[in-house]
Amino acid sequence: MKILEFSSFMEQRGCINIGKDFFGSYNSIPFVVNFLTGAKDGSVIFSLRLQTIGAPPGRLFSTLRKQMKDYAKLRNVAKTKNIFNILVTTKKNLPLEEVFDQLFAELDATIAMLGIELPDTCPICKRSDCDSFAYIGLTYQMTHEDCVRSQSADIQTKVQENEMSGGYLLGIVGAVLGGLVGIIPSVILAIFMNMISGWLCALIPLCAYYGYKLFGGKMSRGTLGIIVVVSLLMVPATQYLFELSWSIKEGYGAFSLLEYFEYIAAYPSEILPSMLQTLLFIGIGFALVFRFVSRNNTNTLQQVTFSEETLRPIPQDAKGERIEY
Ligand SMILES: [Zn+2]
């Protein structure tokens, strides 16, 4: 079975198809099926993913595997807590319809039998009485159409605003101010404890990034470069304030930043090891920022667009009761 046949089969089951992923529901159980491969002998391998509440439902898997043993081989591949993820290999020559319908009937029955809870509150507004399914976060789940649409519209507006008005200059000002806020804990610790904490230095790039964002800095690849440069400038600044506070406390008096630089140039081995340590921790902070920035506006936009594309009303019959498929 090829992906084309598989997708027409899944579309008959009311699933939305994007690439090799299929988003659907059975009896109000929202699921994601990912087509992996179809062999010549008629067997099909796909993964089935859905979200539960609480610990990973090991019993759901073992019960389901037993019930399905004449139809398919099941393998538990869940890596994320609360995500039920199984690999299904259908038995040779068994029609996919039969395996699939059996799998979902058993899944539904097992969930009910074991009293496993599936989330029924909207992840956006946290209210229940959901009317739709959409892919949000890691799974296909219950939500409100209005919530998904308004979230998507909000983010689109924000991205457009950032493209129109976001500027580097204001962003840099914000990053410098943020970076200065970021060194405050380090400086306080330096004054009272007479030490520089590496972990507090890791805050510097984070604060610089938030400052950049707060001042409406334009989000692009250049953002990371700006955060790096500003954070690096904060290293001598932190060191200077640390040495200054020590000097004043010990009664040696204050000295200017310029004098400090002259001192570093004259005795580099006195200061550089400590600076390198600070740099190392700023690197850690930067790695954290990188994780935030890589989920920046554009990625968030992709996510909400994806949520919107997979949006589908919860199927209901004439009486308003939820129905199968
Ligand atoms: Zn909602």
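## A quick tour

Helix α1 (residues 3-12) lies across β1, β2, β3 and β4 (44-51), and α1 runs at about 160° to β3. Keep in mind that this is a predicted model. Beyond that helix, there's a sheet to look at, plus a pair of packed helices.

**The sheet**

- Six strands make up an open sheet, and their pairing is antiparallel.
- Reading across the sheet, you'll meet the strands in the order β1-β2-β3-β4-β6-β5.
- The edges belong to β1 (16-18) and β5 (72-76), each of which pairs on one side only.
- From one strand to the next, the twist averages 25°.

**Zooming in on β2 and β3**

- Strand β2 (residues 21-26) and strand β3 (residues 29-38) run antiparallel, with six bridges joining them.

**Where α2 meets α3**

- Helix α2 (residues 58-67) packs with helix α3 (residues 96-114) at an angle of about 135°, and their axes are 10 Å apart.
- That angle makes α2 oblique to α3.
- As for handedness, the crossing of α2 and α3 is right-handed.
- On the α2 side you'll find R59, L60, T63, L64 and Q67, and these meet E106, L107, T110, I111 and L114 in α3.
- Sort the residues of this α2 and α3 contact by type and you get five nonpolar, three polar and two charged.

Definitions and conventions: Residues are numbered from 1 along each chain as its sequence is written. This is a predicted model: local features need pLDDT of at least 70, side-chain atom pairs count only at pLDDT 80 or more; totals for chains, interfaces and linings use all residues. Axes are lines fitted to C-alpha atoms, for helices over the stretch in contact, and angles run from 0 to 180 degrees between N-to-C directions. Helices (H or I, at least four residues) and strands (E, at least two) are DSSP runs, numbered from the N terminus. Angles under 35 degrees count as roughly parallel, over 145 as roughly antiparallel, 65 to 115 as roughly perpendicular and the rest as oblique. A crossing is left-handed if the near helix is turned anticlockwise from the far one by less than a right angle, and right-handed if clockwise. Two residues are in contact if their C-beta atoms, placed from the backbone, lie within 7 Å. Ala, Val, Leu, Ile, Met, Phe, Trp, Tyr, Cys and Pro count as nonpolar, Asp, Glu, Lys and Arg as charged, and the others, Gly among them, as polar. Two strands pair if DSSP finds at least two bridges between them.
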